[in-house]
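Subject: Structure handover and findings

Dear colleague,

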Amino acid sequence: MAETLLVKLGGSLITEKTDDRGAVRRDVLARLAAEIARARQAITPRLVLGHGSGSFGHVAAREHGIAEGLRSPAQLPGISKTQERAAALHREVLSALAAARLAPYSIAPSSCMVFAGGRAAELFDEPLRLALDAGLLPVVYGDVVMDREQGVAICSTERILETLATRLTVRQVLWLGETDGVYGEDGRILPRISSLEGLRFTSPAGTDVTGGMRHRVETALALARHGVKSVIFNGLTPGLLERALLGETVPGTEVV
């Protein structure tokens, strides 16, 4: 099976996370799309792109308590609202990728995943696999999914990428945020980590219902236990994504 690279563009990177109205950093998004397009001309591994919800889905999810599951019919409009806001940002991402002459193919977790007790239980991945085989760029994102035990759940981008990593032959996962990597207790960026010990996490900027950097690191550590390495680095630094896709070592934190 051909190797695949997984990439996540953090919600705080592509949106103004502290703006609850939902504001896209279109200049950042356009630059990242251009870097992907240039790298795609040279790299051999296939690519799956994921992105967070930033100031879009997180705000609606927090307002209606979606992360805690379905407890009241009064939440039903909130489920729809959260989905709509997440999809609105997704459309912005797809538009930027298409403008960079890529061929994005949308994969909505709500249409292919089922959770149980807040954890992934089922994933129908054939459309994504066929899209990869056809040369398309599958794009996934954080979404609201149905849950067998609690009614609904938030499927973070981390969760779907972690699940995909068990189905595909993944070379590496690239996690892009707006920090230079993972901080140690002394406030310095750590070049390599293999556990949560000695790490310092600050509260996520703006509204966040999935756990911010801690959730990202926990997911990367889980993947490392299955032999999949990750690199966490700053997507605001021009050129780093392109270099990482080309296989170059970039400044950041390697998770092994």
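The notes below cover a helix pair, a glycine in a strand and a pocket. Please bear in mind that this is a predicted model.

Helix pair. Helix α7 spans residues 157–165 and helix α8 spans residues 212–224; their axes come within 10 Å and cross at roughly 5 degrees. Because angles under 35 degrees count as roughly parallel, α7 is described as roughly parallel to α8. On the α7 side, the residues in contact are Glu 158, Arg 159, Glu 162 and Ala 165, and they meet His 215, Arg 216, Thr 219, Ala 222 and Leu 223 of α8. Sorted by class, this contact comprises four charged, three nonpolar and two polar residues.

Glycine in a strand. Strand β10 (residues 182–184) includes Gly 184. This glycine counts as buried because its relative accessibility is 1%. Leaving aside residues up to four places away in sequence, Gly 184 touches Leu 190, Gly 198, Leu 199 and Arg 200. Leu 199 lies 15 residues from Gly 184 along the chain, yet their C-alpha atoms are separated by 4.4 Å.

Pocket. The second largest pocket holds about 260 Å³ of space. Its lining consists of 16 residues, and those nearest the centre are Gln 172, Val 231, Glu 248, Thr 249 and Val 250. At least two lining residues come from each of β9 (169–177), α9 (240–245) and β15 (253–255), with β9 supplying the largest share, three residues. By class, the lining has seven nonpolar, five polar and four charged residues.

With kind regards

Technical notes
Residues are numbered from 1 along each chain as its sequence is written. This is a predicted model: local features need pLDDT of at least 70, side-chain atom pairs count only at pLDDT 80 or more; totals for chains, interfaces and linings use all residues. Side-chain values use heavy atoms; hydrogens and water are left out. Axes are lines fitted to C-alpha atoms, for helices over the stretch in contact, and angles run from 0 to 180 degrees between N-to-C directions. Helices (H or I, at least four residues) and strands (E, at least two) are DSSP runs, numbered from the N terminus. Angles under 35 degrees count as roughly parallel, over 145 as roughly antiparallel, 65 to 115 as roughly perpendicular and the rest as oblique. Contact means heavy atoms within 4.5 Å. Ala, Val, Leu, Ile, Met, Phe, Trp, Tyr, Cys and Pro count as nonpolar, Asp, Glu, Lys and Arg as charged, and the others, Gly among them, as polar. Buried means under 20% relative accessible area, exposed over 50%, partly exposed in between (1.4 Å probe, protein chains only). On a 1 Å grid over the protein atoms alone, a cavity is a set of points where a 1.4 Å probe fits but cannot get out, and a pocket is an open set with protein on both sides within 12 Å along at least five of seven lines; lining residues have an atom within 4 Å of a point. Grid points are joined across faces, edges and corners, and a volume is the space filled by probe spheres set on the points.
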